[in-house]
Amino acid sequence: MALSDADVQKQIKHMMAFIEQEASEKAEEIDAKAEEEFNIEKGRLVQTQRVKIMEYFEKKDKQIEQHKKIQMSNLMNQARLKVLKARDDMITDLLNEARIQLADIAKDPARYSTLLEGLLLQGFYQLLEPKVTIRCRQQDVEMVQAAVNKNIPIYKDAVKSNIVVKIDQERFLPSDICGGVEVYNDNGKIKVSNTLESRLELMAQQMMPEIRVALFGANPNRKFTD
Amino acid sequence: MASQSQGIQQLLQAEKRAAEKVAEARKRENRRLRQAKEEAQAEIEQYRLQREKEFKTKEAAALGSHGNSAVEVDRDTAERLGRLQDSYRGNRSAVLGELLSRVCDIRPEFHANYRVAG
């Protein structure tokens, strides 16, 4: 044999050492790689989850902000409505009082007859009809007749045409209104409502901006008044 | 020869040991990767709890401030209503007088474009 037993043993020992060395190196390699992968994987997992959590809480924060804003807006709205309602109630109160005082005026015969004359003439002028029917309260019939008699010549003179006036004796206005008249054309299809109530309503509506400014003061937010 | 088979045995055993060493290293590798997941979970949970705490404080603060703003708004409204009432009471009779005088001030006119027929 070329190699003695001792040589063979030496070779074998070398080969064993080599095998062991390889194994150790391989194991070290595996460990090192494992460590690196560990860090990468952990870092990756943490980062992705972190981002998700951050987004989640940012969204929730925004929700809170929104919620706050909505509640604030609701509060302001309620407050504004309260003030507006109060103003509306005050105006209603004013108009009711006006109606009561108007009723008192109508009880004064001198003033009332002047009023009736004006209301009637205005009604005639609005219609400009040759035949006219008047509705009034039952208790006013005499006063109305007197007023009509006064007005017919004035009308004829101003308009230069004739007018025939009839007082409707069957259908009267309800007695509980303040007063005034309704003037109709001959077939009853055109009506001029000149009762004191309707006049009050008309005046109130037309005067409403003035009333508001007088009662509550000018609007500080308004920029143009022309 | 007897020495040959002994030598081969030794080599085979060395191989076996080497394979075990490598297998153990791989086992460690797996464990390490699993650890990575667990440790990541733990860290993330930590972070989440911290954010949760911060959020809860913010929420409580927001709720508190809402109560305050409600009180403020109510106070402001009451003040406004008070001013309104005063203004109304002060100007009421004047406005009533003006309204009624206009109601009673009747000016009968016929239309500006009216022409007598014929």
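1. A:K33 is partly exposed, at 47% relative accessibility. The cut-offs are under 20% relative accessible area for buried and over 50% for exposed, with partly exposed in between (1.4 Å probe, protein chains only). Accessible areas come from the Shrake-Rupley method with a 1.4 Å probe, and for residues only the protein chains shown count as cover.

2. This is a predicted model, in which local features need pLDDT of at least 70, side-chain atom pairs count only at pLDDT 80 or more, and totals for chains, interfaces and linings use all residues. Residues are numbered from 1 along each chain as its sequence is written, chains are lettered from A and ligands numbered from 1 in the order in which they are written, and side-chain values use heavy atoms, with hydrogens and water left out.

3. A:K33 is joined to B:E29 by a salt bridge, with the closest N and O atoms 4.0 Å apart. This pair crosses between chains: B:E29 is in helix α1 (residues 2-104) of chain B, and A:K33 is in helix α1 of chain A. A salt bridge here is a side-chain nitrogen of Lys or Arg within 4 Å of a carboxyl oxygen of Asp or Glu. Over all chains, the whole structure has 26 salt bridges.

4. Chain A has four helices and four strands, in the order α-α-β-α-β-β-β-α from the N terminus on. The radius of gyration of chain A is 50 Å, well over the 17 Å that the globule rule gives for 226 residues, so the chain is more spread out than a compact globule. That radius is taken over C-alpha atoms, and the globule rule is 2.2 Å times the number of residues to the power 0.38. The C-alpha trace of chain A spans about 165 × 35 × 35 Å along its principal axes. Of its 226 residues, 36% count as buried. Helices (H or I, at least four residues) and strands (E, at least two) are DSSP runs, numbered from the N terminus.

5. Within chain A, A:R135 and A:E182 form a salt bridge, the closest N and O atoms being 3.7 Å apart. A:R135 lies in strand β1 (residues 131-135) and A:E182 in strand β3 (residues 180-185), so the pair ties together parts that are 47 residues apart in sequence. Both A:R135 and A:E182 are buried.

6. In chain B, a salt bridge joins the side chains of B:R48 and B:E45 (3.0 Å, N to O). Both residues lie in helix α1 of chain B, three residues apart, about one turn of the helix. B:R48 is partly exposed at 32% relative accessibility, and B:E45 is partly exposed at 35%. The two belong to a network of salt bridges that links B:E45, B:R48, B:E52 and B:K56.

7. A:E22, A:E25, A:E28 and A:E29 form a negative surface patch. Patch residues have over 30% relative accessible area and no salt bridge; like charges are joined within 9 Å, nonpolar side chains (Val, Leu, Ile, Met, Phe, Trp, Tyr) within 5 Å. Lys and Arg count as positive and Asp and Glu as negative, while His and the chain ends are not counted. The place of a charge is taken as NZ of Lys, CZ of Arg, CG of Asp or CD of Glu.

8. A:M143 lies in helix α3 (residues 141-159) of chain A and counts as partly exposed, at 27% relative accessibility. A:M143 and A:E201 are 58 residues apart in sequence and 24 Å apart in space, C-alpha to C-alpha.
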